[in-house]
Amino acid sequence: MDALSFNQYDLERLKDTLEGAVRVRRPNEFYLWAQGALQSFLPHETLVCLHGGACGGPDGVEIFSRALLSPTVEAALRAPADQAWVRLRGHWHRQGLRPCSHPGPDTPAACAGLGWGNMLVHGVEESATPASCLFIFLGLPGLPGAREHYLAELLLPHLYLAFVRQRPGALPDVMPAGLTPRQRQVLEGVRSGKTNAQIAADLRLSPLTVKHHVQQALRKLSVNNRAEAAAVTSAPGWARP
């Protein structure tokens, strides 16, 4: 599989991965999904999640690792010196909020000390609703390239959705009013991980019309992107079209 193509087997695994993200409700389910299905596309040793807002306060760190971390290493990852995570987030911002790797001097010392030079970073910005999240994949088997960056972009809404849903009280109970039936249908497609072209084919609309509905719905939901919309439309109060 290259950066932009999937064979039939890859598509079946991708479908299973996306469906698995939607089913996540508890921390143990997130761990099993991240260290199982997600590994099929972004293999890694440890996933560090930096979160704020409704995900647990202004500055939180959660660690999901298939490696046995020593107490010293885990403490360093949870509270790195010299505001290392702040510098790493700054590097991600300088890259245009796109997947990035190998930030050089911005790499937290705790990560460098483990020999985990192959790192991939992507997330949802600070203004996100219900919360910002920065995901740091550590211990990738090789240097992240175009394929890994593409997959990080593709999987971000579902990774964000799964992470937020497993945190108690992170999602609102009531959806804002004002969405049209068509906008709800389009958002259901967004929540399922479909592209505008796929949603257009399902609803027999043009991709341009779907893009317009998505933009209007994002404004009504007061969210910035599809990842945030996927999280909000998975809230208990979300009414299916």
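**Cores and a covered helix in a predicted model**

Me: In this predicted model, what share of the protein chain's contacts with a separation of 6 or more comes from residues 24 or more positions apart?

Reply: The structure discussed here is a predicted model. Counting the contacts in the protein chain with a separation of 6 or more, those between residues 24 or more positions apart account for 64%.

Me: How many helices and strands does the protein chain have, and what percentage of its residues count as buried?

Reply: The protein chain has 10 helices and 5 strands. Of its 241 residues, the percentage that count as buried is 48%.

Me: Which element gives the largest share of the largest nonpolar core?

Reply: This core holds 30 residues, and F30, W33, L47, F135, F137, L159 and Y160 are the members that touch the most others. Two or more residues come from each of α1 (8-23), α2 (27-34), β1 (46-51), β4 (119-124), β5 (133-138), α6 (146-165) and α10 (226-232). With 9 residues, the largest share belongs to α6.

Me: How many residues make up the other core, which lies apart from the largest one?

Reply: Among the members of this other core are L50, W85, I136 and L138. The core lies apart from the largest one, and its number of residues is 16.

Me: Is E62 buried or exposed?

Reply: E62 has its place in strand β2, residues 60-65. Leaving out residues up to four places away in sequence, E62 touches L47, V48, C49, H51, R78, F163, Q166 and R167. Because its relative accessibility is 16%, and the cut-off for this class is under 20%, E62 counts as buried.

Me: Which residues is L47 in contact with, leaving aside its neighbours within four places in sequence?

Reply: L47 is one of the residues that touch the most other members of the largest nonpolar core. Once the neighbours within four places in sequence are left aside, the contacts of L47 are F30, A34, E62, I63, F64, F135, I136, F137 and L159.

Me: Which elements do the buried residues of helix α7 pack against?

Reply: Helix α7, residues 181-191, is mostly covered, with 8 of its 11 residues buried. Those buried residues are Q183, R184, V186, L187, E188, G189, V190 and R191. They pack against α1, α6, α8 (196-203), α9 (207-221) and α10.

Methods:
Residues are numbered from 1 along each chain as its sequence is written. This is a predicted model: local features need pLDDT of at least 70, side-chain atom pairs count only at pLDDT 80 or more; totals for chains, interfaces and linings use all residues. Side-chain values use heavy atoms; hydrogens and water are left out. A nonpolar core is a set of buried Ala, Val, Leu, Ile, Met, Phe, Trp, Tyr and Cys residues joined through side-chain atoms within 4.5 Å. Buried means under 20% relative accessible area, exposed over 50%, partly exposed in between (1.4 Å probe, protein chains only). Helices (H or I, at least four residues) and strands (E, at least two) are DSSP runs, numbered from the N terminus. Contact means heavy atoms within 4.5 Å.
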